[in-house]
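This report describes the sheet, the cores and a few individual residues of one protein structure. Please keep the sequence and the model in view while reading.

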Amino acid sequence: MTAKSPAPGEVRAYVQNLTPSSQGLEKHIFLEVKKGTGGSFNDCSGFTADPPDPESPSPGPLSLDVIAAVNNDFATGGARWKTDGVASGESKTYRGTWKFDTTGLTQTQINAMQGGTTSIDLVWELQTDE
């Protein structure tokens with residue numbers, strides 16, 4: 001992602017439009033987004049995460065349903081990045097990792113989720129300081 005703005009501001013990541021499944025997949029898919037440098041679209045080779053930000057702590061991977069409830073607009077957004085307002089542009093790499101966690105489920109419960117679908121939109125928003 002590259003932000004190009006002549007004004008300084010802040011980028012925050014959040015989610016919208018969770019489409020829940022009848023099987024409850026959104027409770028078992030865990031997502032974590034980190035910001036850093038290196039890597040490129042669809043290739044995280046060379047990605048290095050930025051040090052933890054005390055103003056925007058990462059709570060670790062959260063299930064999609066929890067993220068949709070607590071991280072759903074700019075005010076609650078995470079992975080914060082302060083831009084300097086360089087007209088030629090600034091860039092930051094974001095890496096999202098997910099896992100499907102079936103801890104505590106029986107094989108019958110896991111089998112019942114087959115064929116289910118869920119989706120969520122990831123949003124990166126820049127708001128200027130002006």
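## Basis and terms

Two strands pair if DSSP finds at least two bridges between them. Helices (H or I, at least four residues) and strands (E, at least two) are DSSP runs that are numbered from the N terminus. The model is predicted, so that local features need a pLDDT of at least 70 and side-chain atom pairs count only at pLDDT 80 or more, while totals for chains, interfaces and linings use all residues. Residues are numbered from 1 along each chain as its sequence is written, and side-chain values use heavy atoms, with hydrogens and water left out.

## The sheet

An open sheet is formed by 3 strands in the order S6-S2-S9, with antiparallel pairing. Strand S6 (78-83) and strand S9 (119-128) stand at the edges and have a single partner strand each, so one side of each is left without a neighbour in the sheet. From one strand to the next the twist averages 25 degrees, where axes are lines fitted to C-alpha atoms (for helices over the stretch in contact) and angles run from 0 to 180 degrees between N-to-C directions.

## Nonpolar cores

A nonpolar core is a set of buried Ala, Val, Leu, Ile, Met, Phe, Trp, Tyr and Cys residues joined through side-chain atoms within 4.5 Å; buried means under 20% relative accessible area, exposed over 50%, and partly exposed in between (1.4 Å probe, protein chains only). The largest core has 8 residues, namely Val15, Leu25, Ile29, Leu31, Leu64, Ile67, Met113 and Ile120. The elements that give two or more residues to this core are S3 and helix H1 (64-70). A second, separate core of 5 residues includes Val11, Ala13, Ala79 and Trp81.

Contact means heavy atoms within 4.5 Å. Not counting residues up to four places away in sequence, Ile29 of the largest core touches Leu62, Ser63, Leu64, Trp98, Lys99, Phe100 and Thr118.

## His28 and Lys99

His28 is placed in the loop between S2 and strand S3 (29-37), and with a relative accessible area of 16% this residue is buried. When its neighbours within four places in sequence are left aside, His28 is in contact with Lys99, Phe100, Asp101, Leu105 and Met113.

Lys99 also lies over the face of Phe30, at 5.9 Å from the ring centre; a charge sits over a ring if NZ of Lys or CZ of Arg is within 6 Å of the ring centre and within 35 degrees of the ring normal.

## Positive phi values

Most residues other than glycine have a negative phi, and most peptide bonds are trans. Asn17, which lies in strand S2, has a positive phi near 60 degrees and counts as exposed at 51% relative accessibility.

Ala79 lies in strand S6 and has a positive phi of about 50 degrees although it is not a glycine. At 16% relative accessibility, Ala79 counts as buried.
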